[in-house]
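I opened this entry to keep track of what I looked up, item by item. The structure goes in first, and my notes come after it.

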Amino acid sequence: MHASESNPRTRSTGQFRLDGASAEPPATGSVTGNPLALDNVAYLHDGTLEGLFSAVFEAYVRHEQPTDIAPERRFRPRLGQSELRIATNTDHAKRVRRGIIAKGGNATFRAVVRAAVSDDPSCGIVVFRFIRQLMSPSVTKRDAARLRSRLADPIVADLHRLEHLTLSEEENMRQFVRFVHWDNGIWFARCNPAQSVVPLVMGYFVDRFNDQPFIIYDENHRLAGVWDTTRTRFVRDVDVVEQDAAPDDALYQEAWKRFYDATSIDARYHPELRDHFIPVRLWRNLTEFKPRRTEFDYDGALHRASDGLPQSDRGKSADAALHDSENRPDLRYSEKRAYDALCSAEDRTDDALRYSEKRADDARLYSECSTPVPSHTGMKLSSAAGPSCQK
Amino acid sequence: MDLMQKLEILADAAKYDVACTSSGVQRSAQRGQLGSARAAGCCHSFTPDGRCISLLKVLMTNVCIYDCAYCANRRSNERERCTFTPRELADLTMEFYRRNYIEGLFLSSGVLRTPDYTTELMIRTLEILRFQYRFNGYIHAKTVPGTAPELIDRLASLADRLSVNLELPSQESLALLAPQKSRQDILSPMKRIAECSQASKEERALARRRTTVYAGHTNTACLKRRGYAPAGQSTQLIVGATPESDLHILNLTAALYRNVSLKRVFFSAYLPVNRDKRLPDTDAVQLDREHRLYQADWLLRFYRFDVTELIDDAHPFLETDIDPKANWALNHLDLFPVEVNTAPYETLLRVPGIGVRGAKLIVGARRTAMLRADDLRKLGIAYKRARYFLTCNGVWGGAGCTFSRESLHAKLASPIDGGAHGRRADRPIPGQLSLFGNDDEASASQTVGYTTGRSPRLGANGEAPASQAELGGKPAGQLRASPPLPSLPRSA
Ligand code: SF4
C-alpha cells in the first residue's frame with residue numbers, strides 16, 4: 001500500500017490497518033481557545049473512513065464543533081453554513097483510531113467503524129459526537145468500555161442505530177451474495193448493499209472460499225473486493241466488465257432456480273413473509289429471481305460440464321489468470337483501472353455501465369425479476385401473482 | 001433421466017421435511033478446504049411460502065419400501081422414482097456451495113432395498129464430499145429407522161447434525177399410520193446418538209484442556225478426528241394428522257429435550273398429500289397451531305418456561321387468538337406490572353413484548369440512566385405490548401386501559417398474519433378432526449381460528465434467532481419434571 005502517501009484515496013476502509021508507533025490519543029481538551037473557531041461549519045471529506053477520522057481530528061485541532069461532517073460529493077450546505085474541506089491524513093486517522101481503542105477498547109472501535117460506513121447522511125456527525133462523548137474526561141475508562149450500552153443517551157442511541165443497520169446489511173450480504181463462475185476461472189458476485197459493507201464481510205468470504213479466486217463488486221459504492229487466493233485487495237471507483245460465464249455455469253444457475261421452485265409448498269404460500277426476509281431491493285442480483293429459461297440444452301450443458309476439469313482442479317486456471325494480471329505493476333495500484341482481466345475502464349460496454357450508472361428503479365426491476373412460475377398445482381408462485389404483494 | 005429432472009423430483013419430495021437449519025456448530029475455515037460453519041446458521045434464501053432455504057435439501061432417493069400413510073413417497077403411490085448417484089449429489093452440493101447458494105447439504109432419503117443399503121449410499125456421498133472434495137461446510141443427515149448402529153456411527157462422524165424423525169407423537173398413531181416403523185426403531189438411534197455425541201464432546205473437551213496425559217502420549221488425536229454429530233440432533237413431529245393435544249406434544253417435546261438432549265424439535269403442520277381413510281379428511285392445514293407450538297417451544301428453550309406454566313389438563317390446546325407468553329402473563333396478572341428500572345432479568349424475560357435481546361439491552365441501559373417509556377421504544381422492544389405490564393419509574397405504561405384480564409386480552413389478541421394468498425388466507429374448518437370420534441376433547445377444542453401474531457420470525461422455520469441459544473441458557477437443563485409424561489425411555 002505504498003501508494004497511499006501520494007494518494008490516500010486508493011486506500012479503502014477495509015484496509016484500515018495500524019501498527020504501533022507514536023501513541024498519543026487525540027487531544028481531549030475543551031472547545032475554547034481558538035479565537036478563529038467557526039460556529040456553523042461543515043467539514044467535507046473524501047468519503048472514506050480515513051477521511052472521516054481526519055475530519056474528527058481536525059475538529060479537535062481547531063477547537064471547533066462542526067454542525068455537519070459529510071462526504072464531499074453528497075453534501076448540500078444548509079443556510080449560512082460555511083464549508084471546510086479536510087484533506088485526508090492517514091496519520092491523523094490512525095491517531096483517532098488509537099485514541100478510541102485506548103479508551104473504549106476494540107469492540108467500541110468496531111462499533112464506530114460500522115456506524116461510520118453507513119450511508120446515512122447524519123453518520124459523520126453521529127460518529128463525531130460519539131467520539132467526543134467517549135473521549136471526554138468526564139467519562140472514566142471503566143465507563144468508556146460500557147458506554148455503548150447506555151442506550152438512553154441519544155448520542156449513543158444514534159450510534160447504535162447506525163451500527164445496527166450496518167450489521168444487518170452485513171448479514172444480508174453473507175446470505176444473498178451470489179457468485180457466477182467466469183470462463184477465466186474467477187468467481188464473480190455483484191451486489192448492491194445499502195451500506196458499504198463489502199470490506200467488512202470480505203474476511204468471511206475469504207475464509208469460506210479460500211481456494212477460489214473471487215471478486216465481490218458493490219455496484220452502489222463502486223467498490224470491488226478482490227481475493228486472488230493469497231491476498232485481499234479493494235479497488236475503488238471501478239466498473240466491471242462481465243466476462244463470459246464458464247460453460248457449466250448456466251446449468252447450475254438453472255438447477256438452483258429449479259430447486260428453488262421445487263422446494264416451495266403451495267399450501268403454505270405466503271409471499272409477504274418471504275419479502276419480509278429478502279428485501280426487495282436485493283432481488284435484482286439474486287439468481288433465483290432471474291427469469292427461468294424455457295428451453296435449455298441440458299444434455300449439451302451436462303456434457304460440457306463433465307468434460308471440464310475435475311472439481312479439485314478448477315481453481316488452477318483461475319490462479320494463473322490472476323497471476324498474469326498481477327505481474328503488470330503499472331496496473332496494480334492505479335485507481336481507475338484495476339485488473340484489466342477483470343475490470344477495465346477502457347472497453348467498458350454499455351451493458352456493464354447499465355447497472356452502475358443508470359440504475360433502474362427498483363420498482364421496475366421488481367416486476368421484471370418476478371417471473372410468474374406455474375407450480376405443480378397450477379398456483380402462481382411469484383409475487384406478481386396478486387396486486388397486494390407489491391406492498 | 002437428467003440431473004435437472006432428478007433434482008426437481010427429489011427436492012420436491014424432500015420439501016415436507018421442515019427442518020432446514022445450519023446452526024449449532026462453529027467451525028472456522030481451513031486453508032485449502034472449502035467451507036466453514038457458523039453457530040448461528042445462515043439462511044440463503046426464502047421460498048415463496050416464507051420458509052428459509054439454508055441447505056440443499058434433497059432425498060437420496062424417493063424409492064421407498066415402506067408405506068407410511070401421510071407420506072407422498074410411500075410405496076403405494078404412483079410416482080416417478082429416481083435416485084441420485086453419490087457423485088452427482090456431491091458435485092451438485094459443491095457447485096451450489098461455491099456460488100453461495102447454500103450453507104451445506106441436508107440429506108434425507110426414502111428406503112431403497114433396506115435401511116442399511118440406503119444409509120450406505122448416503123455415507124458414500126458424504127465421504128466424497130468430506131474426503132475427496134475436502135468440503136468443510138454443514139451437513140445434516142437423516143437416519144433411516146432400522147439402520148445398523150455402526151452405520152449410524154459412521155454417518156455421525158461425517159455429518160454435523162443427525163436427525164431421526166419421530167413423525168407421530170404417540171405409539172398408537174405410529175402403529176396406525178406408519179405400521180412398518182416401530183417406536184423402538186426411532187428411539188434407540190436417538191438415544192445412541194445422544195450418548196455418543198455427549199461422550200465425544202467430553203473426550204474433546206478433556207483433550208483440549210491438555211491436562212490428561214496417559215502414559216506418555218497426549219490424546220490430542222481425537223481433536224483431529226471429526227466429532228460425533230457435533231451439532232447434535234433434531235427431530236420432527238407432524239401436527240394435526242392424529243388427535244394428540246398440544247399438551248401431549250409439548251410434554252413430549254420437553255421430555256425429548258431433557259432425555260435425549262435434542263437441539264430442536266420441529267413441528268410440521270400436516271399437509272394432506274394422500275387420500276387415505278386413516279387420515280383426517282380435510283383440506284385445512286393447521287398452520288396457526290404449528291405457529292403457536294413454535295412459540296411455546298421458544299418459551300421452553302430460551303425463556304425458561306416450564307410446560308406446566310403454558311398449558312394444563314383443563315386447556316390441553318394452546319389459545320389460538322393470543323400467544324402463549326401473553327396468555328401466561330394474563331393468567332398471572334398478580335405478578336405485574338413490574339418496574340423496568342429494578343426488575344431482575346428473569347422477570348423482564350417474562351414480560352410480553354420483551355425478548356431475550358430486549359431484556360439484555362434494558363439491563364445494560366438502566367445501569368446509568370433511569371429509563372422512561374421513550375427510551376424503551378428506542379431499545380427496539382415491542383413497547384405497544386409490553387407497556388401494560390411495566391412501570392417506568394413508577395408510572396404505569398398502560399394508561400387508558402383497565403388492568404384486568406378482559407381488557408388486556410382485547411389489547412393483546414391479534415390474528416396470525418397468514419398472508420393474503422393461497423390456502424393460508426382461508427379459514428380452516430372448525431372441528432376438523434372429527435375422524436377420531438373417541439377423542440372428544442380434541443375435536444371440541446380444535447376450533448382453529450384464522451389467527452395471530454407476533455413477529456413471523458418465531459413461526460417461520462429456521463433457527464433465525466439461534467444466537468439466542470447462547471444467550472438463553474440451557475433449555476433442556478432448565479426444565480423441571482412435569483407429571484403427565486409420555487412413555488419415553490430415560491437416558492442415563
Ligand atoms: S419411510 Fe419415509 S419415505 Fe418411506 S414412506 Fe415412510 S415416511 Fe415416506
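**Ground rules.** I am working with a predicted model, in which local features need pLDDT of at least 70, side-chain atom pairs count only at pLDDT 80 or more, and totals for chains, interfaces and linings use all residues. Residues are numbered from 1 along each chain as its sequence is written, chains are lettered from A and ligands numbered from 1 in the order in which they are written, and side-chain values use heavy atoms, with hydrogens and water left out.

**Interface.** I began with the contacts, where contact means heavy atoms within 4.5 Å. I found 74 residues of chain B in contact with 67 residues of chain A. The two chains bury about 6400 Å² between them, and 58% of that is on carbon and sulfur atoms. Buried area here is the accessible area (1.4 Å probe) that two parts lose on being put together, summed over both.

Next I looked up the salt bridges (a side-chain nitrogen of Lys or Arg within 4 Å of a carboxyl oxygen of Asp or Glu). The count between chain B and chain A is 5. I noted one pair, Asp249(A) with Arg99(B), whose side chains meet at 2.6 Å, N to O.

Which elements of chain B supply at least two residues of the side that touches chain A? I listed several, among them helix H1 (3–14), helix H2 (86–98) and helix H9 (287–302) of chain B. H2(B) gives the most, with 7 residues. Helices (H or I, at least four residues) and strands (E, at least two) are DSSP runs, numbered from the N terminus.

I also sorted the residues on this side of chain B: 35 are nonpolar, 16 polar and 23 charged. Ala, Val, Leu, Ile, Met, Phe, Trp, Tyr, Cys and Pro count as nonpolar, Asp, Glu, Lys and Arg as charged, and the others, Gly among them, as polar.

**Sheets of chain A.** Two strands pair if DSSP finds at least two bridges between them. I traced an open sheet of 5 strands in the order E4-E5-E6-E7-E8, with mixed pairing. Its edge strands are E4 (179–181) and E8 (232–236) of chain A, each of which pairs on one side only. E4(A) pairs with strand E5 (187–191) of chain A in the antiparallel sense over 3 bridges. Val180(A) has Phe188(A) in E5(A) as its bridge partner.

I then traced an open sheet of 3 strands in chain A, ordered E2-E1-E3, with parallel pairing. Strand E1 (41–45) of chain A is joined to E3(A) by 4 bridges. Ala42(A) has Glu83(A) in E3(A) as its bridge partner.

**Backbone details.** Which peptide bond is cis? I found it from Phe336(B) to Pro337(B), with omega near -5°. Pro337(B) sits in the loop between helix H11 (324–331) and strand E11 (338–339) of chain B.

Arg113(B) has a phi near 60°, a positive value in a residue other than glycine. I placed Arg113(B) in the loop between strand E4 (104–108) and helix H3 (115–132) of chain B. I wrote both down because most residues other than glycine have a negative phi, and most peptide bonds are trans.
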